[in-house]
Amino acid sequence: MIHAAPIIQPTKVIHFSQVSKRYPNGYEALKNVSFEIAEGEMIFLTGHSGAGKSTLLKLIAAIERPNSGSVVVKGQNIATLKAGAIPFLRRNLGLIFQDHKLLFDRSVFDNVILPLQICGFEHRESTKRVRAALDKVGLLKREKSNPITLSGGEQQRLCIARAIVNRPAILLADEPTGNLDSDYANEILSIFKSFNQVGVTLLIATHDENVLQQFSGRTLALVHGSLTPESAAQAITGASNLGNLGKLR
Ligand SMILES: Nc1ncnc2c1ncn2[C@@H]1O[C@H](COP(=O)(O)OP(=O)(O)O)[C@@H](O)[C@H]1O
Ligand SMILES: [Mg+2]
């Protein structure tokens, strides 16, 4: 008797189904967008300025809500999520967003511990996690510094440490190399790659050609709020070979 090999379906962690987002002024920033992302993927979200990249990331984090369609993140539908459930959703997410500024009235260490204090972590455990996060981004020796004394690349690495100190399963980054020269951008990219290697799912919005040239995995490309036909064809996990995803050349 021949037994078929079991087909192991990758777990979907993010699933957009026919999602549209219209802002109160009537502007339709996303139009009928469908795709899924499996656990452990590293994906770049590309597109011109105004294409809808930030809007898409904000929908995943429940900063914005869709007007139609469903956005399911770790099994929870953002479209119907009660406000009280948002903090629980966000525990799964690390956010590296441009409007999440560093605080210059306190040290590197104190910037990173803040999210843990908000969640009510015990001090000894928090300290351990902060040092581990700073170590991962190569800033452990700067823990007592004021962030204003850090270079642009170091400040961005600090933002990453703050986003991962909670040990999120999913990392969302909005133009994380936007204002950095290519050496710094490459450092950031290899940090992301190291997170991906330990199983973190990453969705990174960028229009940085230098970054994209080094990436051979799946990309989702937006044009005026819609996925391009090429991206739409690859929008379902498994349509391309998972084993090749998340690899930097
Ligand atoms: N809060 C808002 N109100 C109205 N329009 C918005 C708002 N946020 C974004 N937009 C518009 O939606 C479109 C997509 O924006 P965004 O998602 O920021 O694109 P990207 O990140 O790709 O540059 C843009 O035309 C932008 O002006
Ligand atoms: Mg943007």
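Start by selecting Phe192, which lies in helix 6 (residues 182-197); helices (H or I, at least four residues) and strands (E, at least two) are DSSP runs, numbered from the N terminus. This is a predicted model, in which local features need pLDDT of at least 70, side-chain atom pairs count only at pLDDT 80 or more, and totals for chains, interfaces and linings use all residues. Residues are numbered from 1 along each chain as its sequence is written, while chains are lettered from A and ligands numbered from 1 in the order in which they are written.

Is Phe192 buried or exposed? Phe192 is buried, because 23 other C-beta atoms lie within 10 Å; a residue is buried if 20 or more other C-beta atoms lie within 10 Å of its own, exposed if 12 or fewer, and partly exposed in between, with C-beta atoms placed from the backbone. Two residues are in contact if their C-beta atoms, placed from the backbone, lie within 7 Å.

Now go to Leu30, 162 residues from Phe192 in sequence and 26 Å away in space, C-alpha to C-alpha.

Next, show the open sheet of four strands, whose order is 2-1-4-5 with antiparallel pairing; two strands pair if DSSP finds at least two bridges between them. Strand 2 (28-38) and strand 5 (76-77) are at the edges with a single partner strand each, so one side of each has no neighbour in the sheet. Select strand 1 (residues 12-22), which pairs with strand 2 in the antiparallel sense over seven bridges. Val19 has Val33 of strand 2 as its bridge partner. Helix 1 packs on this sheet and touches strand 1, strand 2 and strand 4 (68-73). The direction of helix 1 makes about 120° with that of strand 1; axes are lines fitted to C-alpha atoms, for helices over the stretch in contact, and angles run from 0 to 180 degrees between N-to-C directions.

Move on to ligand 1. Among the residues surrounding ligand 1 are Tyr23, Asn25, Gly50, Lys53, Ser54 and Thr55; a residue is near a molecule if its C-beta atom, placed from the backbone, lies within 6 Å of it. Helix 1 (residues 53-60) supplies the largest share of this shell, three residues.

Finally, zoom out to the whole chain, with its eight helices and ten strands. Of its 249 residues, 38% count as buried. The C-alpha atoms fill a box of roughly 60 × 55 × 40 Å, taken along the principal axes.
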